[in-house]
Amino acid sequence: MSIESILAQIDEEIAKLTQIRALLSTTEVAAKTAAPAKAKKTKVKTKRKKRRVLSPEARKRIADAQRKRWAAQKAKSK
């Protein structure tokens with residue numbers, strides 16, 4: 001392939017991409033003008049659930065219970 005043919009192919013790709021970009025930008029502008037009216041009507045506020053917080057004592061109980069399970073499993077495998 002010669003450099004001229006490579007450059008011609010690149011120019012063709014640039015022309016195609018420019019056309020696609022123009023199409024998308026006009027579609028995007030139309031979508032932006034239509035979307036806000038729709039979005040205002042369908043906007044729904046959602047409540048977020050509060051995260052539960054474990055007390056240090058509860059964490060210790062859970063950790064101790066898990067260590068006990070691990071020890072039992074380790075003893076069983078021996």
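This tour visits a salt-bridge network and a nonpolar surface patch.

The model is predicted: local features need pLDDT of at least 70, side-chain atom pairs count only at pLDDT 80 or more, and totals for chains, interfaces and linings use all residues. Residues are numbered from 1 along each chain as its sequence is written, and side-chain values use heavy atoms, leaving out hydrogens and water.

**Stop 1: helix H2.** Select residues 56-77, which make up helix H2. Helices are DSSP runs of H or I, at least four residues, numbered from the N terminus.

**Stop 2: Asp64.** Show the side chains of Lys60, Asp64 and Arg67, which are linked in a network of salt bridges. A salt bridge here puts a side-chain nitrogen of Lys or Arg within 4 Å of a carboxyl oxygen of Asp or Glu. The count by this rule is 2.

- Asp64 to Lys60: the closest N and O atoms are 3.0 Å apart. The two residues sit 4 apart in H2, about one helical turn.
- Asp64 to Arg67: N to O is 3.0 Å. These two are 3 residues apart in H2, also about one turn.

Now colour by accessibility (buried under 20% relative accessible area, exposed over 50%, partly exposed in between; 1.4 Å probe, protein chains only). Asp64 is partly exposed at 36%. Lys60 is exposed at 53%.

**Stop 3: the nonpolar patch.** Select Met1, Ile3, Ile6, Leu7, Ile10 and Ile14. Together they form a nonpolar surface patch with about 630 Å² of accessible area. Patch members have over 30% relative accessible area and no salt bridge; nonpolar side chains (Val, Leu, Ile, Met, Phe, Trp, Tyr) are joined within 5 Å, like charges within 9 Å. Areas come from the Shrake-Rupley method with a 1.4 Å probe; for residues, only the protein chains shown count as cover.

Finish on Ile3. Ile3 lies in helix H1, residues 3-42. Its relative accessibility is 60%, so Ile3 counts as exposed.
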